[in-house]
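Dear colleague,

I am handing over the structure below, and after it you will find an account of what was found. Please read the two with each other in view.

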Amino acid sequence: MTEPDDEGSPCRGREAAVGREAAVLRLMALDGRGELTSAHVRLVADAQGVSVRTVRRWVEAARREGRTRRRPRPRFTVSPEVRRLLAVWGGNAAAVHRELAARARDAGDVHEVPSLATLQRAIVRDLSVGERAGLRGGEAARRRFDVYGKRPPTHRNACWEGDHKRIPVRVDLEGSAVCPWVTWFIDVASKVIVGVAVTPHQPARDAVLAALRTGISRTAPYGPFGGLPGQVRVDRGKDFLSDAVAKALGGFAVPVHDLPAYKPYRKGTVEALNSAVEQMLLVSLPGYTRRARPAQAYRPTPVEDLLSYPDFVRVLLDWVAWWNSEHRPAGVPDGMTPREAWEADPTPLEENCRSRARAGRSEGGQHPAGTR
């Protein structure tokens, strides 16, 4: 004889299952002490909305099988062979179902094949979203659903991250429309943009060296941020790994960590900065190349309507100053601005000795007493 279903909505079914389990455990405890009576059974039956006979069957099932819930229904699950077929067919459940049906017809046992809807439900239930995306789009698609750990918090100048970004904005450079590039370094702890270099062409090692100079030097017109970082994280860009950059940083005993290619999450601070500048600034500028347009109606903004290259550089540097002094990015403690976080950090700053010497000579030959 089958037991009555605790059905209805999924939530009501779960609540009924939990209520049955708690009630049966209580009745079994009373039964073990010899205190179980018909009154207890009637109380449970009234509370659960079932008959006394049903509650007695629950108790008998617990005595014989140790089962306090309904017997689970047999259901189709994704087997290793089904997983293999999903990988072969790129996650296409209909194609997998056709192959299973063809195999069953050849074996003369068509009753063993689940329906397409049953197969699809099993795939959704037994495979994670990332696994399903990976079957359809490969490893790169699966990685979008990975959970990545965060690095522990550090102090200012413990680590910088650097990157190039092609600016998706056309600007006027002596009558020609070009898309400039920005090379910048950001302090991971305080989110301060410490060094910036803008070029009207694809950057090379000179742009990296220029951005490093603006970051390391704290004398006018640079600063107040900067100093020598503990390490610099970059991806496998050849400009960041050039001999000139390696010698420049190696001379100050600053290691460069070359991260694996195609893993932007390994330097998430500068990647977040790349996204932020586009969303906060670049989309509002004339000549933005990623603006949505009607189909077959693309007409580039005339050169005379674009920002000039010097004006664009000025706008970008103003935005950098706003980011450092007024913006409150996520990840900065206590909702401070990057500048406030930098100034609140008591970690001493290590500076370039030659910069300190020049600063001392400019002050009448007196060297600074120490780092700030």
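**What was found**

Of the 372 residues in the chain, 39% are buried (under 20% relative accessible area, with exposed meaning over 50% and partly exposed in between, for a 1.4 Å probe and protein chains only). This is a predicted model, in which local features need pLDDT of at least 70 and side-chain atom pairs count only at pLDDT 80 or more, while totals for chains, interfaces and linings use all residues. Residues are numbered from 1 along each chain as its sequence is written, and side-chain values use heavy atoms, with hydrogens and water left out.

The chain has 14 helices and seven strands, taken as DSSP runs (H or I of at least four residues for helices, E of at least two for strands) and numbered from the N terminus.

The structure contains 23 salt bridges, each defined as a side-chain nitrogen of Lys or Arg within 4 Å of a carboxyl oxygen of Asp or Glu. One of them joins E35 to R33 at 3.4 Å, N to O; E35 is partly exposed at 39% relative accessible area, and R33 is partly exposed at 49%.

Another links D311 with R314 at 2.2 Å, N to O, and these residues lie three apart in helix α12 (residues 309-325), so about one helical turn separates them. D311, at 29%, is partly exposed, as is R314 at 46%. Elsewhere, salt bridges with shared partners connect D31, E60, R63 and R64 in one network.
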